[in-house]
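Please open the structure in your viewer and keep the sequence beside it. The tour below goes from the whole chain to single residues, with something to select at each stop.

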There are 2 protein chains.
Amino acid sequence: MLIMKRTEIKLLFAESVEQLIGSDVVVKGWVRTKRGNKNVAFIALNDGSTINNIQVVVDLANFDEGLLRRVTTGACICVEGQLVKSQGAGQSVEIQAKNIVLYGEADPDSYPLQKKGHSMEFLREIGHLRPRTNTFGAVCRIRHHMAYAIHTFFHERGFFYFHTPLITASDCEGAGEMFQVTTLDMKNPPRLEDGSIDYSQDFFGKQTALTVSGQLEGELGATALGKIYTFGPTFRAENSNTPRHLAEFWMIEPEMAFYDIDDLTALEEEFIKYCVTWALDHCQDDLQFLNNMIDKGLLERLKSVVSTDFVRLPYTEGIRILEEAVKNGHKFEFPVYWGVDLASEHERYLVEEHFKKPVIMIDYPKEIKAFYMKQNDDGKTVQGTDVLFPQIGEIIGGSVREENYDKLMNSITERNIPMKDMWWYLDTRRYGTCPHAGFGLGFERLMLFVTGMANIRDVIPFPRTPKTAEF
Amino acid sequence: MLIMKRTEIKLLFAESVEQLIGSDVVVKGWVRTKRGNKNVAFIALNDGSTINNIQVVVDLANFDEGLLRRVTTGACICVEGQLVKSQGAGQSVEIQAKNIVLYGEADPDSYPLQKKGHSMEFLREIGHLRPRTNTFGAVCRIRHHMAYAIHTFFHERGFFYFHTPLITASDCEGAGEMFQVTTLDMKNPPRLEDGSIDYSQDFFGKQTALTVSGQLEGELGATALGKIYTFGPTFRAENSNTPRHLAEFWMIEPEMAFYDIDDLTALEEEFIKYCVTWALDHCQDDLQFLNNMIDKGLLERLKSVVSTDFVRLPYTEGIRILEEAVKNGHKFEFPVYWGVDLASEHERYLVEEHFKKPVIMIDYPKEIKAFYMKQNDDGKTVQGTDVLFPQIGEIIGGSVREENYDKLMNSITERNIPMKDMWWYLDTRRYGTCPHAGFGLGFERLMLFVTGMANIRDVIPFPRTPKTAEF
């Protein structure tokens with residue numbers, strides 16, 4: 001029996017299964033449930049290739065009772081049997097077992113995934129096993145598909161995947177706190193005469209930290225290769241225990257030479273729609289499960305995003321709409337005025353109540369945006385863009401980059417940004433500078449939107465948050 | 001003129017260029033060279049989309065002399081002009097310039113990429129600009145293609161991309177030194193009564209480091225989802241200043257439930273051949289350049305690998321062949337005997353002299369391999385595999401994993417591996433354990449093979465090595 005080639009269970013749920021009916025197949029996987037009566041047992045078997053379980057029908061008269069007793073939830077088995085049309089509702093085929101090999105038991109007294117309906121909190125504590133559940137299996141498969149969709153989107157458009165460094169001696173716009181990286185003996189580090197740490201003895205000969213963004217290095221790539229994107233881990237040592245923050249997360253940061261603001265917002269819209277369309281096309285079963293169990297509005301929201309034109313909304317116009325709303329009696333917790341950094345309630349009002357569709361806001365006051373954004377001629381605004389989505393708010397932040405050396409230096413000086421480690425970034429403006437633009441997307445933000453999951457800890461296999469670095 | 005859509009230069013080297021001949025086009029890019037006489041200037045323009053430069057022909061009578069003087073090597077320009085068949089040899093089309101916009105100058109007195117023929121060492125010092133050179137542009141484009149080939153290979157075969165954590169509180173087999181990750185104040189860290197560091201006050205509430213491998217977490221994915229792969233940064237704080245070591249590099253680590261040793265070696269061979277074939281199919285111009293300029297044997301070596309069956313060689317048989325060679329007078333620096341960890345000279349003898357093709361060595365003595373490898377019934381060997389390649393040696397290391405809990409625990413005990421942080425790994429053998437296998441590939445090792453570059457610092461955009469973390 002072990003000589004027969006294994007069939008992945010997802011193939012038994014494909015249309016091509018018709019041609020297998022009547023033949024013998026071998027499947028391998030983990031028992032989700034076993035039920036039955038004194039004559040027959042029904043085993044629901046899952047191998048991770050799909051959310052669907054194949055039903056294995058076991059005629060008890062033909063099998064050793066002792067063996068079958070050990071086939072419990074979580075056990076791993078190999079089954080050889082005939083594939084037949086299913087008698088029961090809810091599945092089209094099932095397997096009449098001829099042989100069963102038990103690879104690994106799962107002691108019912110200690111296996112933690114015994115019964116259904118565990119809380120998300122409990123499942124985080126057993127993060128090493130939760131990919132075996134329906135919900136996290138679905139999330140993991142969708143996560144793969146979203147990553148592959150992203151690589152394919154950029155590849156098809158002539159972008160080059162560009163690996164920016166994780167360990168860095170520069171700080172990108174001082175965004176958030178950074179994790180220090182060191183090989184020094186913390187207990188007794190080498191010190192200079194004044195008592196400060198002698199980082200010249202550290203591994204890299206200077207103080208280093210984990211990157212908070214690959215954008216600046218990405219611009220080096222774009223000003224040589226034309227169009228690049230990064231897709232890698234990024235780190236923030238913020239002590240934020242919220243459902244929307246991770247200390248370690250994955251970011252996608254494309255940078256494009258010769259793109260202006262219209263090219264940029266067009267790419268942002270095309271990109272998100274491509275990812276969501278990919279999910280709808282390739283992850284039907286998993287999305288249907290999440291729609292049923294996690295978020296009843298999920299599929300409708302995903303379909304709505306791909307069929308709607310996103311609004312382009314200048315910040316100044318957005319403020320006018322919000323002020324109008326206040327005048328008409330709408331109550332916001334935070335004040336609305338030109339220059340304010342919009343709160344989540346403001347963004348949601350614009351997206352969910354006023355326009356009822358995704359909004360790309362542009363031309364923000366320069367004071368509330370980063371130093372590298374291209375300055376408009378009005379002297380007040382910069383060509384920043386935020387893509388605002390229903391439910392989750394900002395999903396993409398981007399901008400045209402200031403390519404003029406003098407303007408960039410003014411902005412850096414105004415903000416007192418330490419430039420000693422950024423000579424290489426300024427060289428892009430010194431030598432052959434060009435108009436260019438880029439954006440950043442937190443991969444887990446996209447995952448929250450596409451899966452309908454509520455907590456960012458539940459869309460990454462092994463979340464890192466304050467006081468938590470298990471597995 | 002700026003209203004016209006830009007054409008990427010690679011399209012001017014595609015077969016479809018025929019239909020553009022005679023029309024006006026707009027190209028944007030960086031000047032590689034400018035030469036000419038008192039009537040006409042020839043500008044070689046590159047936009048990073050291809051290694052090929054488009055020749056722009058400038059009739060000096062029609063252009064401002066002052067403007068043209070500023071169009072020097074490294075400057076960024078936009079050119080509108082008519083695409084015509086080229087008069088000169090070496091290119092099929094060229095552009096007769098009608099308009100030129102200068103985006104950014106590059107002062108000839110200070111721009112470091114003035115003349116050709118810089119040393120690799122010098123180019124590492126200007127790592128922020130080196131993607132603008134032919135060699136590093138080619139390497140970056142090939143790097144993208146290899147990454148996309150890898151994702152596509154696994155996607156097409158039903159693997160799921162699985163993000164294992166970068167920051168970890170566990171050590172994987174103690175492989176190499178680790179970088180510590182901390183937010184504690186190094187100058188004055190909190191201490192326990194005995195003077196040791198109080199890591200409970202660190203960000204994660206315990207001591208953490210950067211991962212040296214995602215394998216163990218990858219096994220968690222495979223024992224739930226069936227087939228997964230990782231592709232992410234990995235870190236080693238080894239003080240190795242060699243052309244083959246990086247402190248930060250990218251690894252690919254697939255793990256497959258229900259794979260045995262034959263499935264594993266078949267996948268390893270198929271995987272490498274797929275990547276090399278992809279390069280030959282998609283990176284012709286860049287490979288041809290590297291073959292001409294860097295390594296005259298490159299293309300021949302790549303073609304040879306994809307057309308050859310890899311040898312499967314049990315370690316014991318390999319030792320026999322090496323002992324035979326010694327007997328016949330071949331001199332090795334290091335001794336040959338059963339149980340020895342083969343040196344590079346031994347591997348090269350087998351690959352380059354004896355078999356003259358790639359070798360997958362299997363069934364190694366258990367003492368020289370990691371604790372998690374599946375033990376053979378002989379009590380002496382384990383189901384480890386190394387894929388040995390001409391020129392670069394080991395390119396892949398893999399194994400069937402020991403799935404038996406007791407055997408795994410014995411191996412762990414024999415090696416005194418501290419298990420307190422690995423309860424979650426052992427749970428895979430405790431609950432529903434299954435036969436499974438996996439391998440690891442250093443992405444930069446693959447890049448060395450595919451590009452023919454000699455130093456690993458030159459196949460990653462921003463290398464991290466002892467005392468170096470620039471950009």
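How many positive and how many negative side chains does chain A have, and how far apart do the centres of the two sets lie? Chain A has 51 positive and 66 negative side chains, and the two centres are 6 Å apart. Here Lys and Arg count as positive and Asp and Glu as negative, while His and the chain ends are not counted, and the place of a charge is taken as NZ of Lys, CZ of Arg, CG of Asp or CD of Glu.

This is a predicted model, in which local features need pLDDT of at least 70 and side-chain atom pairs count only at pLDDT 80 or more, while totals for chains, interfaces and linings use all residues. Residues are numbered from 1 along each chain as its sequence is written, chains are lettered from A and ligands numbered from 1 in the order in which they are written, and side-chain values use heavy atoms, with hydrogens and water left out.

**The whole chain**

Select chain A, whose C-alpha atoms fill a box of roughly 85 × 65 × 45 Å along the principal axes. Chain A has twelve helices and 16 strands, these being DSSP runs numbered from the N terminus (helices H or I, at least four residues; strands E, at least two). Of the 471 residues in chain A, 61% are buried, where buried means under 20% relative accessible area, exposed over 50% and partly exposed in between (1.4 Å probe, protein chains only).

**The sheet**

Next, select the open sheet of eight strands in chain A, which has mixed pairing and the order S6-S10-S11-S16-S15-S14-S13-S12; two strands pair if DSSP finds at least two bridges between them. Its edge strands are S6 (160-161) and S12 (311-314) of chain A, each pairing on one side only.

Start from S6(A), which is joined to S10(A) by two bridges, the strands running parallel; the bridge partner of Phe160(A) in S10(A) is Ile228(A). Nine bridges then join S10(A) to S11(A) in the antiparallel sense, and Pro233(A) stands opposite Trp250(A) in S11(A). Is S10(A) enclosed or open? Nine of the nine residues of S10(A) are buried, so this strand is largely enclosed by the rest of the structure.

Select Lys356(A), in the loop between H9 and S13 of chain A. Lys356(A) has a positive phi of about 55° although it is not a glycine, and at 64% relative accessibility it counts as exposed.

Gln391(A), in the loop between S14 and S15 of chain A, likewise has a positive phi, near 75°. With a relative accessible area of 44%, Gln391(A) is partly exposed. Most residues other than glycine have a negative phi.

Finish at Asn134(A), in helix H3 (residues 134-156) of chain A, which is partly exposed at 27% relative accessibility. Leaving aside neighbours within four places in sequence, Asn134(A) is in contact with Arg32(A), Ile51(A), Arg141(A) and Phe289(A). Asn134(A) and Asp286(A) are 152 residues apart in sequence, yet 8.6 Å apart in space, C-alpha to C-alpha.

How values were computed:
Contact means heavy atoms within 4.5 Å.
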